[in-house]
Amino acid sequence: MRQQIYIIIGFIVLNINACKEEKLLEKNDSKSNVQTVTSGTSYYNNRTRLFPNNLTGRTSISVKFLEETTENEATRKLVKQYAKEWEAHGNISFEFVGKDANNADIRIALNCKLDQGVGGNSEVGLNKYLSQKIPTMRFSSKLKTDDLYFKHVVLHEFGHALGLDHEQDNPRSVVIDRKSNKKMYSKYDRFSIMHYSYDAKSTTDGSIIYTNYKLSDEDKYFIGTLYPFPALEDYTKHNEEKIYTIAGGLDICQNKLTGQIVLYPLRKYGYMSKVTNDIYMIRDSKNRKYEFLSSNNFGTSRFTTVNGLTAPIRIYRNNELLTNEWIQSSSAYINSNEELYRLDERLSIYRDPSNDNIILFPRNIDGCLNKNEYHEYDIHDADEKHFHFNSKINLLSYNTDTWKKFVNINLKAPIVIYKNGKLVQRKWLGYDTNNSLLRQKIEKHVYKIDQQLDLFIEKHTENIIIYPCKSTDSNREKRSASTEDNIVLHGGSGEKYLISSQQRFWGRTPTDLSIAFKIYRSGHPISSWISINSIPNIITPSIDPSTEKQKIYTIDGLNIFKVKDTNKIILSGELHSDNKNEYQIRDQSPNRVYAFNLSNNKDFQNKELTTDLIAPIVIYVNKGGSWEHLEQKWIGNE
């Protein structure tokens, strides 16, 4: 009896919430005097509300009518017919089961008494928690099956059931009163079946949005994005990885070794659509292109693209970018390397295990850490080589192969990282402490205690390390036989590290101390302050925020700057009597050139000279009567 009471209470609560929901939606639509369709609460931005996609076959979604009578047979037939239209454009199949089925995903109630102007409502996406007796979709008793509006309502509510929300809530919508809280959305489509109808007073551009009675091209495309078809062939056997799916029937893959782009049809008839006739283009970083129509027949198996396209790529549909960033396989490179650190969540720093090379992987499309804030960064390795950059510089511009997403900065692990002159982490990243050669480069011996313990300080981090003087296991004895003979290391910030007379050291032992320290025995100092001059000389920032200019090149003391906003070129430096070479700086205009030498030109000696040149520039030097490029690239081209 107690169980039954709980069920009844739960049913009442759910229905009260449903009523509140319908009232709220009706209130939100009060500005429009055109009839609308309400729906359930939005879960559009929650992928868990989507039905799990079947990667080997159709995603089966079971549907049942809670009431099956002779009177509603014609209505049920039409609902099935209209709902099935979604199946042609996504990997879904609506399986209509009997009313007694106990595991139906969608449960439909017909002839419901809904509020005035309400054609129907539905849960958005999968709902696992409602009882099988409670409907997830309702249709108003006032709907007429011979009216075209009935088709609109059925398509609209089944769109909600698949996880789609209202198109008027798209952030790009022209509707004045909208709730733009979506994390995933297509381009705005006023012809979407998910769009309400609105009069001219309710839109920002004064246009009228009429009721739509069929699935739009964008509806078809987007449902294919949420429920992509499985590939007809296993691309992993060709050492290829999927990097993008064109909704409607095409997987785009990249060969992990060669980077070659390969297409895999997702439909057994070989084409995506014969209805939309969309124009697609795949373009790679070398501007090679491959164009095709949505009606192109690729057959039923692996299709190698023409023109030798290689990743990364961009994809266009009807001349509009489908994605703003370059697309390529990340795992093909990343999975084989070790991520040492993620800097400000915008830059991954990797170590290549095969050679210890340090690789940068900018996670932003523009290659910058932060265009809105200015920070200086330095990465140092054990050989005191370093790489300097700032948050506004496009790191990808350092690449000789500009299309690559990975930047080799010619440093080797281990490394330390500075941000605005301070260590981001007080440790050497990627440090193999068993490597004696590395230890000699990083750790400096600073003190010996009783011929038993050696104290070392790491460069940069200034961490204090203790080693036993005797290396064999048989000689690793207690430091002292006296229990009173305790030694304490006092750090500069008041921290302490106790070395007990009974303590054994079995190898490299890091302490919690850093920077300068003193050594005390039995409470009395036995050393002065011990430190290492390991703080690096951080390079002067290449962008001076006060003058808003960026140094882009240096020739024997002559600094070449680019003004941030105007790209004007400024020269400033010293004369070098030993350099007799003649130089020319040219920009992209054939008539603008600045010629000079460094032995007697006083235009920019110890002052700034603003030229007429506009970045980017190229620099030539005259050697023996022959003009040559100083650099085989445009300089200042970010």
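**Entry 1**

I started with strand β31 (residues 549–555), which six bridges join to β32 in an antiparallel run. Helices (H or I, at least four residues) and strands (E, at least two) are DSSP runs, numbered from the N terminus. I count two strands as paired if DSSP finds at least two bridges between them.

A note on what I am looking at: this is a predicted model, where local features need pLDDT of at least 70 and side-chain atom pairs count only at pLDDT 80 or more, while totals for chains, interfaces and linings use all residues. Residues are numbered from 1 along each chain as its sequence is written, and side-chain values use heavy atoms, with hydrogens and water left out.

Which residue stands opposite Lys 551 in β32? I found Phe 561 there. Phe 561 also stands opposite Ile 570 in β33. β32 and β33 (residues 568–572) pair in the antiparallel sense, over four bridges.

Then I looked at the turns. The hairpin of β31 and β32 has two residues between the strands, and Asp 556 in that turn has a positive phi of about 45°. In the hairpin of β32 and β33, four residues lie between the strands, and Asn 567 takes a positive phi near 65°.

Buried or exposed: how does β32 (residues 558–563) come out? Five of its six residues are buried, so β32 is largely enclosed by the rest of the structure. Buried means under 20% relative accessible area, exposed over 50%, and partly exposed in between (1.4 Å probe, protein chains only).

**Entry 2: a sheet of five strands**

Next I traced an open sheet with the order β2-β1-β3-β5-β4 and mixed pairing. β2 (92–97) and β4 (120–122) stand at the edges with a single partner strand each, so one side of each has no neighbour in the sheet. β4 pairs with β5 (residues 137–140) in the antiparallel sense over three bridges. Within that pair, Asn 121 has Arg 138 in β5 as its bridge partner.

**Entry 3: helix α4**

I finished with helix α4 (residues 217–226), where eight of the ten residues are buried, so the helix is largely enclosed by the rest of the structure. The cover over these buried residues includes β6 (240–246), β9 (279–284) and β12 (313–317).

Asp 219 lies in this helix. Which residues does Asp 219 touch, not counting those up to four places away in sequence? I listed Trp 86, Asp 189, Phe 191, Ser 192, Ile 193 and Lys 214, with contact meaning heavy atoms within 4.5 Å.
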